[in-house]
Amino acid sequence: MIKELDILRNLDYVRTSGSEEELKAAEYIKEVLKEIGIESEIEEFKVNGEVIDKQELTITKPYLKTVECKAYYGSGNCEKLKKEFYYLRDDSDISLANVKDKIVYVDGYLRHWLYSDLYNNGAAGFICANGYLFDGNKDIDQRELRPGQREIGIIPGVQINVKDSYEMVQNEVSEVEMTISQHEVDKYSHNVIARIQGADDDVIVFSAHYDSTSLSKGINDNATGVVALIRMAEYFSSHKPKHSLIFVFTGSEERGLLGGKAYVQRHEEELGNIKLNINVDMIGETMGSLSAYVTGEMDMVSYLKYFAKEKAYPLKTRQGVASTDSTAFADKGIPAIAFNRSSNLQPIHLRYDDLSQISIPVLQKDIEFILNFAIRMANAAIIPIKRTIPDKLKEELDIYLLRKRKDQ
(Lines give C-alpha, C1' and ligand atoms only; values in the text may rest on other atoms or scores of the structure.)
Protein backbone atom coordinates (compact mmCIF):
# COMPACT_ATOMS: atom_id res chain seq x y z
CA MET A 1 0.00 0.00 0.00
CA ILE A 2 1.38 3.40 -1.00
CA LYS A 3 1.05 5.81 1.90
CA GLU A 4 -1.26 8.78 1.55
CA LEU A 5 1.52 11.17 2.55
CA ASP A 6 3.84 9.77 -0.12
CA ILE A 7 1.24 10.41 -2.83
CA LEU A 8 0.74 13.97 -1.60
CA ARG A 9 4.48 14.57 -1.52
CA ASN A 10 4.84 13.29 -5.07
CA LEU A 11 2.20 15.80 -6.22
CA ASP A 12 3.68 18.69 -4.26
CA TYR A 13 4.20 21.09 -7.18
CA VAL A 14 2.18 23.46 -9.36
CA ARG A 15 0.19 21.53 -12.00
CA THR A 16 -1.58 24.04 -14.21
CA SER A 17 -3.80 23.06 -17.12
CA GLY A 18 -1.96 22.06 -20.27
CA SER A 19 1.48 22.27 -18.67
CA GLU A 20 4.29 19.71 -18.63
CA GLU A 21 3.78 19.47 -14.88
CA GLU A 22 0.12 18.55 -15.28
CA LEU A 23 1.08 15.76 -17.69
CA LYS A 24 3.78 14.63 -15.25
CA ALA A 25 1.09 14.32 -12.58
CA ALA A 26 -1.17 12.33 -14.93
CA GLU A 27 1.67 9.92 -15.68
CA TYR A 28 2.40 9.58 -11.96
CA ILE A 29 -1.24 8.71 -11.23
CA LYS A 30 -1.15 6.09 -13.99
CA GLU A 31 2.05 4.67 -12.48
CA VAL A 32 0.55 4.48 -8.97
CA LEU A 33 -2.54 2.71 -10.31
CA LYS A 34 -0.31 0.19 -12.06
CA GLU A 35 1.61 -0.43 -8.82
CA ILE A 36 -1.64 -1.41 -7.12
CA GLY A 37 -2.60 -3.66 -10.00
CA ILE A 38 -4.95 -1.43 -11.99
CA GLU A 39 -4.47 -0.61 -15.65
CA SER A 40 -5.47 2.86 -16.82
CA GLU A 41 -5.25 5.06 -19.87
CA ILE A 42 -4.52 8.71 -20.41
CA GLU A 43 -6.96 10.56 -22.67
CA GLU A 44 -5.77 13.80 -24.24
CA PHE A 45 -8.00 16.80 -24.95
CA LYS A 46 -7.18 20.21 -26.37
CA VAL A 47 -7.38 23.38 -24.30
CA ASN A 48 -6.85 27.04 -25.10
CA GLY A 49 -3.21 28.03 -24.91
CA GLU A 50 -1.41 31.36 -25.06
CA VAL A 51 2.12 32.60 -24.51
CA ILE A 52 2.56 36.11 -23.16
CA ASP A 53 5.28 38.02 -25.00
CA LYS A 54 4.80 41.38 -23.29
CA GLN A 55 2.65 42.72 -20.45
CA GLU A 56 2.90 46.21 -19.07
CA LEU A 57 0.73 48.45 -16.92
CA THR A 58 1.78 52.02 -16.17
CA ILE A 59 0.14 54.71 -14.08
CA THR A 60 0.38 57.90 -16.13
CA LYS A 61 -1.71 60.34 -14.06
CA PRO A 62 -1.36 61.91 -11.53
CA TYR A 63 2.11 60.33 -11.30
CA LEU A 64 4.24 57.90 -13.27
CA LYS A 65 4.70 54.37 -11.96
CA THR A 66 5.00 50.88 -13.42
CA VAL A 67 2.71 48.30 -11.85
CA GLU A 68 3.63 44.62 -11.99
CA CYS A 69 0.94 42.69 -13.86
CA LYS A 70 0.04 39.51 -15.72
CA ALA A 71 -2.00 39.71 -18.90
CA TYR A 72 -5.21 37.70 -19.01
CA TYR A 73 -4.75 34.81 -21.40
CA GLY A 74 -7.00 35.27 -24.41
CA SER A 75 -7.62 38.98 -23.81
CA GLY A 76 -6.06 40.01 -27.10
CA ASN A 77 -3.29 42.50 -27.81
CA CYS A 78 -2.93 46.23 -27.34
CA GLU A 79 -0.03 48.65 -27.69
CA LYS A 80 0.22 51.59 -25.27
CA LEU A 81 -3.51 51.71 -24.68
CA LYS A 82 -3.80 54.90 -22.63
CA LYS A 83 -7.19 55.56 -21.10
CA GLU A 84 -8.93 57.06 -18.12
CA PHE A 85 -8.83 54.77 -15.07
CA TYR A 86 -12.22 54.02 -13.53
CA TYR A 87 -12.89 52.06 -10.33
CA LEU A 88 -16.09 50.07 -10.71
CA ARG A 89 -17.28 49.98 -7.11
CA ASP A 90 -20.37 47.93 -7.93
CA ASP A 91 -22.13 46.43 -10.94
CA SER A 92 -25.17 48.70 -10.87
CA ASP A 93 -26.49 50.24 -14.08
CA ILE A 94 -25.38 53.64 -12.77
CA SER A 95 -21.76 52.50 -12.39
CA LEU A 96 -21.71 50.57 -15.67
CA ALA A 97 -22.91 53.66 -17.53
CA ASN A 98 -19.52 55.24 -16.73
CA VAL A 99 -17.18 52.57 -18.14
CA LYS A 100 -17.26 53.56 -21.83
CA ASP A 101 -13.77 54.02 -23.34
CA LYS A 102 -12.09 53.58 -19.94
CA ILE A 103 -9.79 50.99 -18.38
CA VAL A 104 -11.94 49.65 -15.58
CA TYR A 105 -10.71 48.23 -12.28
CA VAL A 106 -12.89 45.43 -10.89
CA ASP A 107 -12.46 44.11 -7.35
CA GLY A 108 -11.65 40.42 -7.26
CA TYR A 109 -12.73 37.89 -9.86
CA LEU A 110 -14.06 39.03 -13.24
CA ARG A 111 -17.35 37.14 -13.37
CA HIS A 112 -18.84 36.11 -16.70
CA TRP A 113 -21.86 38.41 -16.68
CA LEU A 114 -19.89 41.37 -15.37
CA TYR A 115 -17.46 40.91 -18.25
CA SER A 116 -20.44 40.87 -20.60
CA ASP A 117 -21.65 44.13 -19.07
CA LEU A 118 -18.22 45.75 -19.46
CA TYR A 119 -18.05 44.71 -23.10
CA ASN A 120 -21.58 45.82 -23.91
CA ASN A 121 -21.03 49.18 -22.20
CA GLY A 122 -17.90 49.90 -24.21
CA ALA A 123 -15.07 49.44 -21.69
CA ALA A 124 -11.66 49.82 -23.35
CA GLY A 125 -9.84 47.50 -20.94
CA PHE A 126 -9.99 45.96 -17.49
CA ILE A 127 -7.82 45.38 -14.44
CA CYS A 128 -8.48 42.77 -11.76
CA ALA A 129 -6.61 41.89 -8.60
CA ASN A 130 -5.98 38.97 -6.27
CA GLY A 131 -4.33 38.53 -2.88
CA TYR A 132 -4.85 40.02 0.54
CA LEU A 133 -3.99 43.55 1.60
CA PHE A 134 -2.08 42.55 4.72
CA ASP A 135 -0.50 39.38 3.35
CA GLY A 136 3.29 39.33 3.22
CA ASN A 137 3.59 38.49 -0.49
CA LYS A 138 2.64 40.20 -3.73
CA ASP A 139 1.70 37.13 -5.75
CA ILE A 140 -0.29 37.62 -8.94
CA ASP A 141 -2.54 34.83 -10.16
CA GLN A 142 -2.52 33.92 -13.84
CA ARG A 143 -6.06 34.35 -15.13
CA GLU A 144 -7.71 33.88 -18.51
CA LEU A 145 -10.83 34.82 -20.40
CA ARG A 146 -12.96 31.68 -20.36
CA PRO A 147 -14.40 30.42 -23.67
CA GLY A 148 -17.80 31.97 -22.95
CA GLN A 149 -16.21 35.36 -22.32
CA ARG A 150 -14.19 35.13 -25.53
CA GLU A 151 -17.40 34.49 -27.44
CA ILE A 152 -18.84 37.75 -26.12
CA GLY A 153 -15.88 39.73 -27.49
CA ILE A 154 -12.35 40.63 -26.49
CA ILE A 155 -11.33 43.36 -24.07
CA PRO A 156 -7.64 43.58 -23.12
CA GLY A 157 -7.03 43.05 -19.44
CA VAL A 158 -4.46 42.34 -16.75
CA GLN A 159 -4.27 40.92 -13.25
CA ILE A 160 -2.38 42.73 -10.47
CA ASN A 161 -1.91 42.28 -6.74
CA VAL A 162 -4.50 43.89 -4.47
CA LYS A 163 -1.84 45.96 -2.70
CA ASP A 164 -1.24 47.83 -5.96
CA SER A 165 -4.93 48.23 -6.75
CA TYR A 166 -5.55 49.60 -3.25
CA GLU A 167 -2.75 52.12 -3.71
CA MET A 168 -4.15 53.16 -7.10
CA VAL A 169 -7.63 53.80 -5.71
CA GLN A 170 -6.30 55.45 -2.56
CA ASN A 171 -4.11 57.81 -4.60
CA GLU A 172 -6.93 58.62 -7.02
CA VAL A 173 -5.16 57.40 -10.13
CA SER A 174 -6.92 58.90 -13.14
CA GLU A 175 -5.09 57.48 -16.17
CA VAL A 176 -3.23 54.28 -17.02
CA GLU A 177 -1.50 52.78 -20.03
CA MET A 178 -1.63 49.08 -20.91
CA THR A 179 0.37 46.98 -23.38
CA ILE A 180 -0.31 43.30 -24.05
CA SER A 181 1.30 41.06 -26.63
CA GLN A 182 0.42 37.36 -26.70
CA HIS A 183 0.10 34.57 -29.23
CA GLU A 184 -1.78 31.28 -29.33
CA VAL A 185 -0.13 27.87 -29.00
CA ASP A 186 -1.48 24.33 -29.02
CA LYS A 187 -1.93 22.95 -25.51
CA TYR A 188 -3.34 19.67 -24.28
CA SER A 189 -4.68 18.46 -20.99
CA HIS A 190 -5.32 14.88 -19.91
CA ASN A 191 -7.75 12.65 -18.05
CA VAL A 192 -6.55 9.43 -16.43
CA ILE A 193 -9.20 6.70 -16.64
CA ALA A 194 -9.37 3.29 -14.97
CA ARG A 195 -12.22 0.76 -15.07
CA ILE A 196 -13.17 -2.10 -12.78
CA GLN A 197 -15.73 -4.41 -14.34
CA GLY A 198 -18.53 -5.49 -12.05
CA ALA A 199 -21.10 -8.24 -12.29
CA ASP A 200 -23.35 -6.00 -14.40
CA ASP A 201 -22.96 -3.04 -16.74
CA ASP A 202 -24.55 -0.40 -14.53
CA VAL A 203 -21.79 2.11 -13.84
CA ILE A 204 -20.73 4.41 -11.02
CA VAL A 205 -18.13 7.01 -12.01
CA PHE A 206 -15.74 8.34 -9.38
CA SER A 207 -14.03 11.62 -10.22
CA ALA A 208 -11.39 13.94 -8.79
CA HIS A 209 -9.29 16.59 -10.47
CA TYR A 210 -5.51 16.65 -10.17
CA ASP A 211 -4.61 20.03 -11.71
CA SER A 212 -3.90 23.19 -9.72
CA THR A 213 -3.99 26.94 -10.22
CA SER A 214 -0.92 28.99 -11.07
CA LEU A 215 -0.01 29.98 -7.50
CA SER A 216 -0.89 26.73 -5.77
CA LYS A 217 0.64 23.30 -5.32
CA GLY A 218 -2.92 22.12 -4.92
CA ILE A 219 -2.42 19.69 -2.07
CA ASN A 220 -5.82 20.29 -0.52
CA ASP A 221 -7.32 21.31 -3.88
CA ASN A 222 -7.13 18.56 -5.02
CA ALA A 223 -4.32 16.07 -4.45
CA THR A 224 -6.42 14.86 -1.52
CA GLY A 225 -9.19 13.86 -3.92
CA VAL A 226 -6.62 11.98 -6.00
CA VAL A 227 -5.56 10.03 -2.92
CA ALA A 228 -9.19 9.19 -2.16
CA LEU A 229 -9.82 7.78 -5.65
CA ILE A 230 -6.60 5.77 -5.56
CA ARG A 231 -7.59 4.27 -2.21
CA MET A 232 -11.09 3.39 -3.46
CA ALA A 233 -9.75 1.90 -6.69
CA GLU A 234 -7.29 -0.15 -4.65
CA TYR A 235 -10.09 -1.54 -2.48
CA PHE A 236 -12.37 -2.44 -5.36
CA SER A 237 -9.56 -4.07 -7.33
CA SER A 238 -9.51 -6.83 -4.71
CA HIS A 239 -13.20 -6.67 -3.73
CA LYS A 240 -15.07 -7.06 -7.00
CA PRO A 241 -18.25 -4.94 -6.99
CA LYS A 242 -21.70 -5.80 -8.32
CA HIS A 243 -21.79 -2.68 -10.47
CA SER A 244 -19.02 -1.56 -12.79
CA LEU A 245 -16.82 1.32 -11.66
CA ILE A 246 -14.92 3.96 -13.60
CA PHE A 247 -12.32 6.20 -11.97
CA VAL A 248 -11.66 9.48 -13.76
CA PHE A 249 -8.80 11.72 -12.63
CA THR A 250 -9.53 14.94 -14.50
CA GLY A 251 -7.23 17.64 -15.78
CA SER A 252 -8.11 21.32 -16.19
CA GLU A 253 -10.92 21.40 -13.63
CA GLU A 254 -9.66 24.77 -12.45
CA ARG A 255 -10.35 26.27 -15.89
CA GLY A 256 -14.06 25.56 -15.84
CA LEU A 257 -14.45 21.78 -15.34
CA LEU A 258 -12.78 21.13 -18.69
CA GLY A 259 -11.67 17.60 -17.82
CA GLY A 260 -15.13 16.52 -16.71
CA LYS A 261 -16.71 18.14 -19.76
CA ALA A 262 -14.16 16.44 -22.04
CA TYR A 263 -14.92 13.05 -20.50
CA VAL A 264 -18.71 13.23 -20.90
CA GLN A 265 -18.35 14.58 -24.43
CA ARG A 266 -15.95 11.84 -25.55
CA HIS A 267 -17.93 9.06 -23.85
CA GLU A 268 -21.41 10.26 -24.73
CA GLU A 269 -22.50 6.87 -26.07
CA GLU A 270 -21.64 5.26 -22.72
CA LEU A 271 -23.43 7.77 -20.51
CA GLY A 272 -26.69 5.83 -20.51
CA ASN A 273 -25.12 3.14 -18.33
CA ILE A 274 -23.78 5.62 -15.77
CA LYS A 275 -26.21 5.76 -12.85
CA LEU A 276 -24.23 7.90 -10.39
CA ASN A 277 -21.17 10.13 -10.13
CA ILE A 278 -19.26 10.41 -6.85
CA ASN A 279 -16.79 13.29 -6.86
CA VAL A 280 -14.13 14.10 -4.27
CA ASP A 281 -12.70 17.61 -4.21
CA MET A 282 -10.77 18.79 -1.12
CA ILE A 283 -10.88 16.54 1.94
CA GLY A 284 -8.58 15.87 4.88
CA GLU A 285 -8.06 19.47 5.94
CA THR A 286 -7.01 19.88 9.57
CA MET A 287 -10.09 22.01 10.32
CA GLY A 288 -13.60 22.24 8.92
CA SER A 289 -16.50 19.89 8.28
CA LEU A 290 -17.20 17.29 5.61
CA SER A 291 -20.04 18.11 3.23
CA ALA A 292 -21.92 16.26 0.52
CA TYR A 293 -23.65 18.19 -2.27
CA VAL A 294 -26.32 16.09 -3.96
CA THR A 295 -27.25 17.12 -7.48
CA GLY A 296 -30.16 14.75 -7.58
CA GLU A 297 -33.35 13.79 -5.78
CA MET A 298 -33.98 14.72 -2.13
CA ASP A 299 -34.27 11.03 -1.21
CA MET A 300 -30.50 10.73 -1.62
CA VAL A 301 -29.96 13.69 0.70
CA SER A 302 -32.00 11.87 3.34
CA TYR A 303 -30.19 8.60 2.62
CA LEU A 304 -26.81 10.25 3.18
CA LYS A 305 -27.97 11.84 6.41
CA TYR A 306 -29.05 8.46 7.76
CA PHE A 307 -25.89 6.79 6.48
CA ALA A 308 -23.72 9.38 8.27
CA LYS A 309 -25.61 8.72 11.50
CA GLU A 310 -25.17 4.99 11.02
CA LYS A 311 -21.41 5.50 10.65
CA ALA A 312 -21.32 8.16 13.42
CA TYR A 313 -19.54 10.54 11.05
CA PRO A 314 -20.43 14.26 11.02
CA LEU A 315 -21.63 15.24 7.55
CA LYS A 316 -23.37 18.32 6.22
CA THR A 317 -25.67 17.19 3.43
CA ARG A 318 -27.54 19.44 1.04
CA GLN A 319 -29.16 19.42 -2.37
CA GLY A 320 -27.48 21.69 -4.88
CA VAL A 321 -24.91 22.22 -7.61
CA ALA A 322 -21.28 21.94 -6.59
CA SER A 323 -18.45 23.94 -8.16
CA THR A 324 -16.53 20.86 -9.26
CA ASP A 325 -16.47 18.11 -11.91
CA SER A 326 -19.66 16.49 -10.61
CA THR A 327 -21.53 19.28 -12.38
CA ALA A 328 -20.30 18.11 -15.79
CA PHE A 329 -21.99 14.75 -15.12
CA ALA A 330 -25.15 16.24 -13.61
CA ASP A 331 -25.57 18.39 -16.70
CA LYS A 332 -25.87 15.16 -18.68
CA GLY A 333 -28.68 13.93 -16.44
CA ILE A 334 -26.45 11.80 -14.19
CA PRO A 335 -27.12 12.25 -10.46
CA ALA A 336 -23.95 13.37 -8.70
CA ILE A 337 -22.65 13.59 -5.16
CA ALA A 338 -19.68 15.86 -4.40
CA PHE A 339 -17.76 15.35 -1.16
CA ASN A 340 -15.78 18.27 0.24
CA ARG A 341 -14.27 19.34 3.56
CA SER A 342 -14.07 23.09 4.06
CA SER A 343 -13.36 25.67 6.72
CA ASN A 344 -13.15 29.44 6.96
CA LEU A 345 -9.36 29.09 7.06
CA GLN A 346 -9.08 27.15 3.82
CA PRO A 347 -6.27 28.63 1.69
CA ILE A 348 -6.98 27.41 -1.83
CA HIS A 349 -5.65 28.84 -5.11
CA LEU A 350 -2.78 30.39 -3.13
CA ARG A 351 0.78 29.48 -2.23
CA TYR A 352 -0.48 28.37 1.19
CA ASP A 353 -2.31 25.30 -0.14
CA ASP A 354 0.46 22.92 0.84
CA LEU A 355 1.06 19.87 3.02
CA SER A 356 0.81 21.92 6.20
CA GLN A 357 -2.96 22.25 5.69
CA ILE A 358 -3.62 18.50 5.70
CA SER A 359 -4.17 16.14 8.61
CA ILE A 360 -3.37 12.59 7.51
CA PRO A 361 -5.64 11.09 10.23
CA VAL A 362 -8.54 13.31 9.08
CA LEU A 363 -7.79 12.44 5.44
CA GLN A 364 -7.85 8.72 6.25
CA LYS A 365 -11.13 9.04 8.13
CA ASP A 366 -12.72 11.04 5.31
CA ILE A 367 -11.63 8.43 2.79
CA GLU A 368 -12.93 5.60 4.98
CA PHE A 369 -16.35 7.24 5.22
CA ILE A 370 -16.59 7.96 1.49
CA LEU A 371 -15.35 4.44 0.70
CA ASN A 372 -17.99 2.90 2.97
CA PHE A 373 -20.66 4.85 1.14
CA ALA A 374 -19.16 3.81 -2.20
CA ILE A 375 -19.22 0.15 -1.12
CA ARG A 376 -22.90 0.50 -0.28
CA MET A 377 -23.65 1.97 -3.72
CA ALA A 378 -21.35 -0.37 -5.67
CA ASN A 379 -22.94 -3.49 -4.18
CA ALA A 380 -26.57 -2.37 -3.97
CA ALA A 381 -29.09 -4.67 -5.63
CA ILE A 382 -30.19 -1.59 -7.54
CA ILE A 383 -28.33 1.73 -7.37
CA PRO A 384 -30.95 3.53 -5.27
CA ILE A 385 -30.79 7.08 -6.56
CA LYS A 386 -33.14 7.85 -9.46
CA ARG A 387 -31.39 8.77 -12.69
CA THR A 388 -33.02 12.16 -12.92
CA ILE A 389 -32.23 15.78 -12.13
CA PRO A 390 -35.04 17.77 -10.45
CA ASP A 391 -36.24 20.85 -12.35
CA LYS A 392 -34.97 23.31 -9.73
CA LEU A 393 -31.49 21.81 -10.06
CA LYS A 394 -31.68 22.02 -13.85
CA GLU A 395 -32.23 25.75 -13.41
CA GLU A 396 -29.26 25.94 -11.00
CA LEU A 397 -27.15 24.13 -13.61
CA ASP A 398 -28.22 26.63 -16.27
CA ILE A 399 -27.14 29.47 -13.99
CA TYR A 400 -23.86 27.84 -12.93
CA LEU A 401 -22.96 26.92 -16.52
CA LEU A 402 -23.78 30.46 -17.65
CA ARG A 403 -26.67 29.55 -19.92
CA LYS A 404 -28.92 31.75 -17.85
CA ARG A 405 -28.34 34.88 -15.82
CA LYS A 406 -29.40 34.62 -12.19
CA ASP A 407 -31.28 37.91 -12.16
CA GLN A 408 -33.26 37.10 -15.30
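How many aromatic pairs does a search of the whole structure find?

## Aromatic pairs

The search finds 13 aromatic pairs, where rings of Phe, Tyr and Trp (its six-membered ring) pair if their centres lie within 6.5 Å, with planes under 30 degrees apart counted as stacked, over 60 as edge-to-face and the rest as tilted. This is a predicted model, in which local features need pLDDT of at least 70 and side-chain atom pairs count only at pLDDT 80 or more, while totals for chains, interfaces and linings use all residues. Residues are numbered from 1 along each chain as its sequence is written, and side-chain values use heavy atoms, with hydrogens and water left out.

One of the pairs is formed by Y115 and F126, edge-to-face at 6.1 Å centre to centre and with 90° between the planes. This pair links distant parts of the chain, since Y115 belongs to helix α4 (residues 112–120) and F126 to strand β7 (residues 125–130), eleven residues apart; helices (H or I, at least four residues) and strands (E, at least two) are DSSP runs numbered from the N terminus. Both Y115 and F126 are buried, where buried means under 20% relative accessible area, exposed over 50% and partly exposed in between (1.4 Å probe, protein chains only).

## Nonpolar cores

A nonpolar core is a set of buried Ala, Val, Leu, Ile, Met, Phe, Trp, Tyr and Cys residues joined through side-chain atoms within 4.5 Å. The largest has 62 residues, of which L33, F206, F236, F247, F249 and F339 touch the most other members. Apart from this core lies another, of 21 residues, among them A71, V158, M168 and M178.

## Salt bridges

The whole structure holds 25 salt bridges, each a side-chain nitrogen of Lys or Arg within 4 Å of a carboxyl oxygen of Asp or Glu. The side chains of D91 and R111 form one of them, at 3.1 Å from N to O.

In another salt bridge, D366 meets R341, with the closest N and O atoms 2.7 Å apart, and here helix α11, which holds D366, is linked to strand β16, which holds R341, across 25 residues. D366 is buried, with a relative accessible area of 0%, and R341 is buried at 8%.
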